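Reader: I'd like to learn how to read a structure like this one. Could you walk me through some features, one at a time?

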Amino acid sequence: MGSAKRITPAKIASAIALAWLASSFLYPIYVEVGGSVVKLNGSPELYLIPAFAVWRLRTERDAYQRLRVKVMVGLFFLYWVFIPIFYPRMPLLDGTEAEFTLAVHMVGALPFLILFIMVALVGKRADCGWNCPCVFSRETVGFAFRDATLKGDFWWRWRHLKWLPFAVVWAYFVYMLVDPVHAYERFGRTMYDLILIGYYASFLIIPFTGHRSFCRWACPWAATWGVLNVAGFYKIKADVGRCRECGLCEQNCDMGVPVRRLIREKGVLRTTECMGCGRCVNVCPQGVLSIHDIRDTIRGYNLGSRERLVRMAGGLTVAGLIFLDPGAPWGYLGLAFFATGLFGFCPTYLAVGVVARKARGIFFRQ
Ligand code: SF4
Ligand code: SF4
Ligand code: SF4
């Protein structure tokens with residue numbers, strides 16, 4: 001990898017779709033239909049992501065990556081369709097509100113706090129590998145340009161660029177705490193506008209840099225989650241003695257992580273860059289690598305690893321309803337669901353026994 005190898009129909013379709021995605025923010029097109037003005041390129045994610053996800057599922061040979069695409073599509077509908085129907089706007093710390101899909105990544109918003117906790121527990125894959133509205137687009141619409149991913153020592157150094165937007169976003173957070181009344185008007189609006197311009201413009205460079213270049217170099221949350229990736233429970237352990245130095249792991253890393261060198265030097269992979277896609281782990285012919293997180297610290301009792309992750313992520317998301325609607329039971333149920341995932345123990349399975357075990361076998365085959 002390193003430059004786009006050849007032009008394929010998928011790449012042509014992807015390039016057109018990426019330009020359309022970028023135009024939805026950078027160059028909105030309005031038309032008049034039946035006397036009303038309609039934005040022709042409004043929310044193209046709603047049809048482009050599912051369409052390219054179908055292509056991904058038909059062409060992806062790695063079962064784990066197919067699972068990843070399915071999870072992304074499910075979460076896409078949860079975030080872009082279902083939750084916005086019930087909670088279209090989220091309150092922020094400074095008293096303002098934002099659309100749910102934007103609030104996911106706005107400092108001082110409830111969904112952001114939830115993601116913060118999840119990333120500390122299971123690493124950046126709680127967002128960047130499986131769950132970010134951005135990753136949905138890049139891993140489906142932009143995926144055809146995976147082979148354009150820029151790798152090697154030179155491009156690896158570029159990862160430090162993202163500390164600049166990181167500093168700006170967290171300076172804004174401090175401003176919010178000190179002067180919540182004026183922070184958004186004086187700082188936040190311009191900052192978020194610039195981030196959104198960068199975000200949408202980055203779709204245009206995907207054919208030349210690979211689909212995750214914004215995540216590698218320019219995203220403020222890549223840096224924020226990156227700190228938690230290193231400081232939290234997530235890591236990729238390596239049985240270095242079994243490594244044959246074949247390099248397949250780093251050839252397959254879309255974040256340009258020099259996996260082979262890092263595990264040789266440190267015996268473990270703890271980097272701000274790893275977004276937890278699991279490609280390096282699954283491609284290694286020697287079984288050298290394995291992912292570890294909070295679930296390996298707190299031993300499970302009657303729940304499998306994948307089920308614990310689903311319960312933690314889903315439960316914490318629903319638990320956020322406690323803040324939005326304290327009188328309703330759903331948030332507390334979400335909290336209980338999160339706790340079952342965290343501790344790996346579900347009392348219902350013990351109580352209901354055979355039926356529950358059967359259902360679990362269908363949905364969470366290990
Ligand atoms: S790095 Fe930023 S844009 Fe990329 S997936 Fe993570 S949060 Fe989303
Ligand atoms: S793929 Fe496995 S054996 Fe090959 S370099 Fe990476 S860790 Fe070593
Ligand atoms: S280091 Fe491995 S798990 Fe992390 S992003 Fe690269 S391929 Fe994915």
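Reader: Let's start with helix α13: which of its residues are buried?

Author: This is a predicted model, so take everything here as computed from it. In helix α13, which runs over residues 259-266, the buried ones are V259, L262 and I263. Looking down the axis of α13, you find these buried residues within an arc of 95°, so they line one face of the helix.

Reader: And what covers the buried residues of α13?

Author: Several elements do, including the helices α7 (153-157), α12 (248-251) and α14 (279-283). The strands β5 (235-238), β6 (268-269) and β7 (289-292) are also part of that cover. One more thing to look for: just after α13 comes G267, with a positive phi of about 80°.

Reader: Which residues of α1 are buried, and what do they pack against?

Author: The buried set is K11, S14, A17, L18, L21, A22, S23 and S24. Their packing partners are β2 (36-39), α2 (45-59), α6 (133-140) and α9 (183-209).

Reader: Let's turn to the rings. How many aromatic pairs are there?

Author: Counting ring pairs whose centres lie within 6.5 Å, you get 25 aromatic pairs. Take F25 and Y200: their ring centres are 5.0 Å apart and their planes are at 10°, so this pair is stacked. F25 belongs to helix α1 and Y200 to helix α9, so the pair ties together parts that are 175 residues apart in sequence.

Reader: Is each of those two buried or partly exposed?

Author: Use the cut-off for buried, which is under 20% relative accessible area. F25 is at 31%, so F25 is partly exposed. Y200 is at 12%, so Y200 is buried.

Reader: What about W163 and F166: are they stacked or edge-to-face?

Author: Check the angle between the planes; over 60 degrees counts as edge-to-face. For W163 and F166 the planes are at 80°, with the centres 5.1 Å apart, so the pair is edge-to-face. Both sit in helix α8 (residues 163-178), 3 residues apart, which is about one turn of the helix. W163 has 29% relative accessibility and counts as partly exposed, and F166, at 21%, counts as partly exposed too.

Reader: Where does UniProt place the feature "transmembrane region"?

Author: The unreviewed UniProt entry lists several stretches, among them 102-122 and 190-208. You can compare such a record with the model. Residues 102-122 are 71% helix and 0% strand, with end C-alpha atoms 22 Å apart. Residues 190-208 are 100% helix and 0% strand, and there the end C-alpha atoms lie 28 Å apart.

Reader: Last one: where does L303 lie?

Author: Look in the loop between α15 (294-297) and α16 (305-319). L303 is buried, with a relative accessible area of 9%. Its C-alpha is 7.0 Å from that of C346, although L303 and C346 are 43 residues apart along the chain.

Definitions and conventions: Residues numbered from 1 in each chain as written. Chains lettered and ligands numbered in written order. Predicted model: local features only at pLDDT ≥ 70, side-chain atom pairs only at ≥ 80, totals over all residues. Heavy atoms only, no water. Buried < 20%, exposed > 50% of the residue type's maximum accessible area, 1.4 Å probe, protein only. Helix = DSSP H or I, 4+ residues; strand = E, 2+ residues; numbered from the N terminus. Contact = heavy atoms within 4.5 Å. Arc of directions from axis to C-beta. Phe/Tyr/Trp six-rings, centres within 6.5 Å; stacked < 30°, edge-to-face > 60°. UniProt positions renumbered as here; feature names shortened; annotations may be inferred.
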